[in-house]
Amino acid sequence: MVELREHDQKTLEALRKLDGKGTVEEIAETSGLAHAAVMRAALKLSNKKLVQLQEQKRTTVTLNEEGRTYEEKGLPERRLIKSLIRLGGTAKIEKAVNNAKLQKSLVPIALGWLRKKNWATLSRKEKILRASEEPKEGTDEKVIRLLAKKDTIITQDLDKEKRRIMEVLRKRKLLHVKDETIRTLKLTADGQKLIDKGIKIAKEVSQLTPELIITGKWRKAKLRQFDVSAAGPQVYPGKIHPLQQIIERARRIFLEMGFTEIRGPLVETAFWNFDALFQPQDHPAREMQDTFYLSNPKEGKLPRKTVVDAVARAHEDGWTTGSKGWRYKWSPDEARRLLLRTHTTSETIKHLSKHRKPPIKVFSIDKVYRNEQLTYKNTAEFYQIEGIVVDKAVTFRDLMGTLKAFYSRFGLKKVQFWPCYFPYTEPSAQAMVYVPKLKHWMELCGMGIFRPEVLAPMGIKYPVLAWGGGLERIAMLELKLDDIRLLYDNRLEWIRSTPLCQ
Amino acid sequence: MPVITLHEERFSKFVGRKLTLAEITEWIPWLGFDIEEVGEDYLKVEFNPNRIDFCSYAGVARAFKGLRGWETGLPNYKVSDSGITLKISRAVSNVRPFMLAAVVRNLELDEEDVVDLMEMQEDLHWGVGRDRKKASIGVHNLDAVKPPFTFTAAKPNSIKFIPLDKTDEMSLQEILERHEKGMAYKHLIDWSPTYPLLIDRDKQVLSMPPIINGELTKIEEKTRNLFLDVTGTDIEAVEKSLNVLCTSLADMGGEIERIRVEYPDQTRFSPNLTPEKMNLKTTFTNNTLGLRLSTSRIIECLERSRLGARRTEKGVIEVAIPAYRIDILHEIDLVEEVAIGYGYYKLKPTFPSSVTIGEQHPALKTANLARQIAIGLGFTEMMNFTLTNERLQREKMRRKEEEEVRLANPVSAEYTIMRQDLLPGLMKNLADNRHESFPQRLFEVSDIVKLNAKTETQCERRLHIVAVSSHAKANFTEIKSAAEAFAANMAIGDWKIKATEHTSFLKGRAASIHIRNEEIGILGEIHPEVLNNFGLENPTVAFEIDLEALID
């Protein structure tokens, strides 16, 4: 005796209406069942050999953004050959490119394909392109046109030549390709027999309703039993960004260790970013290739004269500190220049100039900027972790211990301290952490005790222990990434699939 | 940062002991080097230009021997008299006022030594000379020319000579216009009516500082006796460069000889390798490092850092600083030398006993509450850069030009201005994720930067929240409800929503948000043209609120 549930019966009934054969989509539409319900029924019916389940793969193809641009403007090689013909069939590469108004990045692509397609000859020496006539529309261009017209194409429907071209276009990265599986159900002889006997659909209740509950009708209703292992539709929770999650972890560690959070402007004067930290005005780090300066607004205001004068003297001759200073003429104009801060220490020193009563423990995890191209290991803006301890008798070893305590809470326990140099700290060190996966020591952060030339102009009388380092490096270790850009390209797929508990 | 490649065998020769690569790799970081690359038989290390004396094998070996305790204390360099005079003409005082020089004799340079010497010059040009501006070096074969020498200045077309590695004579003018070094460095002198020139007794040209040497005095492997010149605009940079160079060459086996340098108004002898003196207190050292070292132990540590040290009174050490060190400005710098000599690896971390209570910054407290509510409403967080560009911020958003915080030296067309609102970033996120499943509800809580002439920096950082919802049925009601739920949970009291017009939003479906008559935000349906600009297919709604007023 075959026992069938409501959905199974409805599926069979739909198949009957479809003359014994239909795709899951068609059955869903005919029966009014949800897609997932048909799939579940299909599996069950095929287990009972009442239907046969066939799977067929198909590939749908659409143009991507670059593909659409080419469809509009023509392939780069087409644009180049057109301009070459316009120029009489012989021209310097540069001239043909300019005439075609081709973006620089497209030039190698255009030249490569001109050669591959034998549309033109290139003499390398003189950099001259030659072609006799404009070539006819190629199959690839036809396919692009077709894709633009039909929006979506199923590759399996195409002839062999077009399929080959499709592969070429895919490799040129002009297409979105999606693989799908089409599932078709076919009645078996047993299935047909069962239908012939006549299916009487017993009404099953799938959704318990308020009405059933209130009226007590649920007692009589046949409540359908679910296949609890069946897959349901995926839902994605609203969620914190994985990088923000790590920032929050670091903040919590600081707060647990008794540090108070500080926060300052992203745009800073060179005075607070460099001069107040005893960085000489001709220091290479202050140059345009390292620091972003502003063209609007250009200049900011300096703090009160006594502070500015003291900083100027510290640079020029060491002021009252006993230092030799940097021995040059300090310029207030240079100090007024506005820039995107290169470290959060600009805010630290400003904070310490106003809060001088020890003990002080402050931190920040905040944005800083460096004039860098975006690569797998650098971004122009990133987060810096900075921690500061000020007290009457704190020492260099205390700095090491504080920092170790902080990073060990991130699971980074094997830390070494190598000598290092920073203009505003002495003694200085860099904390290196051993990364077993990479089998080498990686720089974690820089650290040191603020120099007397930094402290004296701000009226700070006690040792200032400071450390600072990038957050992204830790984030990449934690999130197992090897490209920093992934932290910032906001791919939903990555954010949705990255667990919050690492 | 400058880099030096240390070959195991050659470095061993300089240290005077057979070293393995593993041993060098293990110890060298404790001197302050960063390991860049470990090769088969070499090590590539990076050093900071404050220790510019690390630019040669000799300099690194000196410090390495000290660290290991194989040779400690101040290195001694004997300087004898060369009897050679260098005359500095008044003509150079405006264009390149300073020159100092030295002679190093009886060298036996091999091919590697010559390479070492070249690299040393380059590092000094960059690290001390600030790309030849403050100081630049010329190294000459002394035997090819005849003293006395004169540093003078000549008219651009008055003299011709064969520049280094060329075959034809060129005038000074031609060198600046056509020679690769001339073109690279002409800005240092081309504003002057006369160009600097170093000549010998017979008016043969040794060099045209700071551009190029003459072919005449070219260094080869068989060169035995060197004449070194350093010219510049900063006497200290000139002197230190010369000291680093002479002492390295002396460590390579040369004998240093002094030159009489006659300036129009004074005469000095160069090189001057007399160590500078500075006092260091025992208590200051121990208090800074957190150690309890005796004065004699501290002296020992200083000596391992290749400094001279002697006790002058109780708890006070007089430290002699070698002439090649450019980085000792203050007593505190000597404390670090003690730490390096002691060994950073021996410093045991301790934990300070300072008791404090931690506290969040109010802005970040507000930011986190905003995040919590947005997540509760089903939105997923995005993190975009604060740097952006006009195309994204304005053109794609259908906005008119406005004044914004702008970079003077952008590194790419992508990042030219600071964002003044967060919405365009989220539109880009939607565009980048259009192949992911819908609905897509995204938010960001972050900073924008606006001009504000009242602040010290003429602009200000403000905390914003933005949220977008994009799916087939997104509409004004959905986002208004979300914004209201957000406001209610942030305890934004008497807020008002008024109809408004905004070019990024659909007319009649945009509203501004106000508290106490101050506009703090906007909400509505994104204009379809904006959706087209981003290649979005689904209706999209958004709100953005300035959170500054909510920070306490």
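Two strands pair if DSSP finds at least two bridges between them. Helices (H or I, at least four residues) and strands (E, at least two) are DSSP runs, numbered from the N terminus. This is a predicted model: local features need pLDDT of at least 70, side-chain atom pairs count only at pLDDT 80 or more, and totals for chains, interfaces and linings use all residues. Residues are numbered from 1 along each chain as its sequence is written, chains are lettered from A and ligands numbered from 1 in the order in which they are written, and side-chain values use heavy atoms, leaving out hydrogens and water.

**Strands of chain A**

Start with strand 15 (residues 425-435) of chain A. Buried means under 20% relative accessible area, exposed over 50%, and partly exposed in between (1.4 Å probe, protein chains only). In strand 15 of chain A, 10 of the 11 residues are buried, so the strand is largely enclosed by the rest of the structure.

Strand 15 of chain A runs antiparallel to strand 14 (residues 415-419) of chain A, and 5 bridges join them. These strands form a hairpin with 5 residues between them. Here A:Gln416 has A:Met432 as its bridge partner.

Strand 15 of chain A also runs antiparallel to strand 16 (residues 440-450) of chain A, joined by 9 bridges. One bridge pair is A:Ala431 and A:Cys445. The hairpin of strands 15 and 16 of chain A has 4 residues between the strands, and A:Lys439 takes a positive phi near 60° there.

**The sheet of chain B**

In chain B, 7 strands form an open sheet with mixed pairing, in the order 19-23-24-28-27-26-25. Its edge strands are strand 19 (380-381) and strand 25 (495-499) of chain B, each pairing on one side only. Within the sheet, 7 bridges join strand 24 (residues 459-470) of chain B to strand 28 (residues 540-546) of chain B, and the two run antiparallel. B:Ser470 stands opposite B:Thr540 in strand 28 of chain B.

**Helix 7 of chain B**

Of its 17 residues, 14 are buried, so helix 7 of chain B is largely enclosed by the rest of the structure. After helix 7 of chain B comes B:Gly253, whose phi is positive, near 110°.

**Salt bridges**

Side chains of opposite charge can pair when their charged atoms come close. A salt bridge is a side-chain nitrogen of Lys or Arg within 4 Å of a carboxyl oxygen of Asp or Glu. The structure holds 79 salt bridges over all chains. The table gives examples.

| A:Glu261 | A:Arg251 | 2.7 Å |

A:Glu261 is buried, at 4% relative accessible area. A:Arg251 is buried too, at 3%.

B:Glu236 is partly exposed, at 30% relative accessibility, and A:Arg327 is partly exposed at 31%.

B:Asp432 and B:Lys428 both lie in helix 13 (residues 423-432) of chain B, 4 residues apart, about one turn of the helix. Salt bridges that share partners also join A:Glu248, A:Arg251, A:Glu261, B:Arg371 and B:Glu381 into one network.
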